[in-house]
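Dear colleague,

Please find below the structure that I am handing over to you, followed by a summary of what was found in it.

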Amino acid sequence: MIAGGGQAAVPNFPKYKPEFLAKVKDLSDRQVKTDTLLQCQAPGVPRIGPPAKIVQNAREVVFLYDDVNGSFFRIVPIDGRPHHKGLPPSYLGDAIGRWESDTLVVETVNFNEETWLTDNGAFHTKDLKVIERLCRRADSIEYQATAYDSAVLVEPWVTQPRMLRLTDRELEESARCEDRDIEHIVDGSHHDNPR
């Protein structure tokens with residue numbers, strides 16, 4: 001949904017350069033057909049949000065996700081190695097992490113262009129870089145992400161902070177994602193997805 005001034009009528013939507021507002025509107029209007037999340041693909045980063053579970057050793061942190069499209073994981077090296085060279089672009093990108101005091105900072109690059117930053121046509125280019133920050137606060141973890149894509153965004157887009165409660169709840173295998181509604185689409189109009 002694009003409102004007056006060309007920016008989305010949703011809170012905290014990325015600010016696109018004027019020449020890309022029509023593309024955002026078109027993608028949003030045709031979300032059912034253009035949003036790969038609605039086609040059982042990985043949601044991408046930062047759209048996937050914070051991990052459901054974190055596993056850590058001295059060399060890496062593993063993020064486990066329980067997403068509407070299934071179970072996903074990301075392996076984040078924290079031993080000082082650089083980003084991989086020569087990997088094909090992917091839905092969840094190539095991540096490396098480092099500690100800044102009590103905050104885990106994760107930098108992810110090398111995304112394909114098939115995901116969105118959030119709903120409503122918030123596309124990005126192959127030059128997207130996402131910085132996620134996870135900081136322990138007593139029995140919680142504060143999560144926030146910033147998306148940098150100067151090719152299409154006026155400024156970096158910062159997600160709303162989310163507080164994650166520490167828990168001992170076990171993750172279960174996610175249900176299989178199925179495109180059950182595709183054959184029932186009447187006009188391809190906007191779809192409010194479950195995020």
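Is Y65 buried or exposed? Y65 is buried, with a relative accessibility of 4%, where buried means under 20% relative accessible area, exposed over 50% and partly exposed in between (1.4 Å probe, protein chains only).

Please note that this is a predicted model, in which local features need pLDDT of at least 70 and side-chain atom pairs count only at pLDDT 80 or more, while totals for chains, interfaces and linings use all residues. Residues are numbered from 1 along each chain as its sequence is written, and side-chain values use heavy atoms, with hydrogens and water left out.

Aromatic rings

Rings of Phe, Tyr and Trp (its six-membered ring) pair if their centres lie within 6.5 Å; planes under 30 degrees apart count as stacked, over 60 as edge-to-face and the rest as tilted. Four aromatic pairs are counted by this rule. Elsewhere, a single aromatic cluster is made up of F13, Y16, F20 and F123.

Salt bridges

The whole structure contains 13 salt bridges (a side-chain nitrogen of Lys or Arg within 4 Å of a carboxyl oxygen of Asp or Glu). One of these joins K15 to E155, with 3.4 Å between the closest N and O atoms. K15 is in the segment before α1 (21–29) and E155 is in the loop between β7 and β8 (157–158), so this pair ties together parts that are 140 residues apart in sequence. Helices (H or I, at least four residues) and strands (E, at least two) are DSSP runs, numbered from the N terminus. Both partners are partly exposed, K15 at 43% relative accessibility and E155 at 38%.

R81 and D79 also form a salt bridge, their closest N and O atoms being 2.8 Å apart. Here R81 is partly exposed at 30% relative accessibility, and D79 is partly exposed at 40%. A further salt bridge, at 3.3 Å from N to O, links D127 with K126, and K126 is exposed, with a relative accessible area of 54%.

Yours sincerely
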